[in-house]
Amino acid sequence: MDTLSQFQKILNRLPNNWSQISYNSYLELQELQADESLEGMELAIEQLSVLLDTDSTDPLWDDLSAEDLFTLINRCGWLSGEPKPQLLLDYQEVYRFKPLNQLTLGEFIDVEHWIKEGYDFAHKIAAILYKKTRRGDWDHLEWEPYNYDLDERSLDFNKMSVAHIWGIWKEYESWKSDFIKNYDPLFADTSQEPDDFKEDQLTGREKIDKMKEEMEQRAREQWSWENVLWGLSGGDISRFNDIFGVSVILVFNVLSMRKVLEV
């Protein structure tokens, strides 16, 4: 096979945008970009290798001229941008995106956990928010219970387009923003000091009391969900799993009621 036809074949295999890149490949590309030991042509070949699902030791790179390599690199200028979020409602004809207003408390807590862990765990968020479905006895749509192995299920979402992964992330962020507004009193930060507060004006005893208060606040934040579950279950940990399956909106409605009525 001559060099020209080999180059054309490579050119035809090259993705044209982020929507053609899997989430797993995106993470590989991010790792390469963060590797300070890679630069210039070496970095470019490593990136191209990921895009073509090969590696930098592949003989195909030896058969290409410098002009061919620069053509390939120029075709991948979109790598310098960010994926455009695209929410996918159905995936692999198996999973369906669950409406966020129908999330259970357990699903909400776990999504919040993985959001804080960062983008490297976005496939786990997808594995929580996409479910198998079926039609019940009365032809109502039923969602798969959240009792599967999350690590195993999330492997299916490594292959999802990174544009769709970011679509999930952005959709959840937007929903969460509105959710917080609806339950603003529950999320309000009451620990802020007045604008004229000056720590250097505190006495020794006041500084100790303030330090103690900050430590107690950090402890409450660390165990916030456990504290909520403890209160809702009446201190009965055997009921925790049942509460995890309750609608998150219902849980927050109850928490809001208890706060207003002080019960």
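So, helices H3 and H4: the axes of H3 (residues 40-51) and H4 come within 11 Å and cross at roughly 65°. Helices here are DSSP runs of H or I with at least four residues, numbered from the N terminus. The axes are lines fitted to C-alpha atoms over the stretch in contact, with angles running from 0 to 180 degrees between N-to-C directions. H3 and H4 are therefore roughly perpendicular to each other, a label used for 65 to 115 degrees.

Before I go on, this is a predicted model, where local features need pLDDT of at least 70, side-chain atom pairs count only at pLDDT 80 or more, and totals for chains, interfaces and linings use all residues. Residues are numbered from 1 along each chain as its sequence is written, and side-chain values use heavy atoms, with hydrogens and water left out.

Back to that pair. Who touches whom? On H3 you have Met41, Ala44 and Leu48, and on H4 there's Leu69, Phe70, Leu72 and Ile73. Contact means heavy atoms within 4.5 Å. By class, that's seven nonpolar, no polar and no charged residues. Nonpolar covers Ala, Val, Leu, Ile, Met, Phe, Trp, Tyr, Cys and Pro; charged is Asp, Glu, Lys and Arg; the others, Gly among them, go down as polar.

Now H4 itself, residues 66-75: the buried residues are Asp68, Leu69 and Leu72. They cover an arc of only 100° around the axis, which puts them on the same side of H4; the arc is taken from the directions from the helix axis to the C-beta atoms. Turn to the face away from that buried side and you find Glu67 and Asn74, both exposed. Buried is under 20% relative accessible area, exposed is over 50%, and partly exposed is in between, with a 1.4 Å probe and protein chains only.

Next pair. The axes of H5 (residues 105-117) and H6 (residues 122-129) come within 9 Å and cross at roughly 165°. That makes H5 roughly antiparallel to H6, the cut-off being over 145 degrees. From H5, the contact uses Glu107, Asp110, Val111, Trp114 and Ile115; from H6, Lys124, Ile125, Ile128 and Leu129. This one splits into six nonpolar, no polar and three charged.

Last stop, Ser154, which sits in helix H7 (residues 150-154). Is Ser154 buried or exposed? At 2% relative accessibility, Ser154 counts as buried. Setting aside neighbours within four places in sequence, Ser154 is in contact with His123, Lys124 and Ala127.

Technical notes. Helix = DSSP H or I, 4+ residues; strand = E, 2+ residues; numbered from the N terminus. Parallel < 35°, antiparallel > 145°, perpendicular 65-115°, else oblique.
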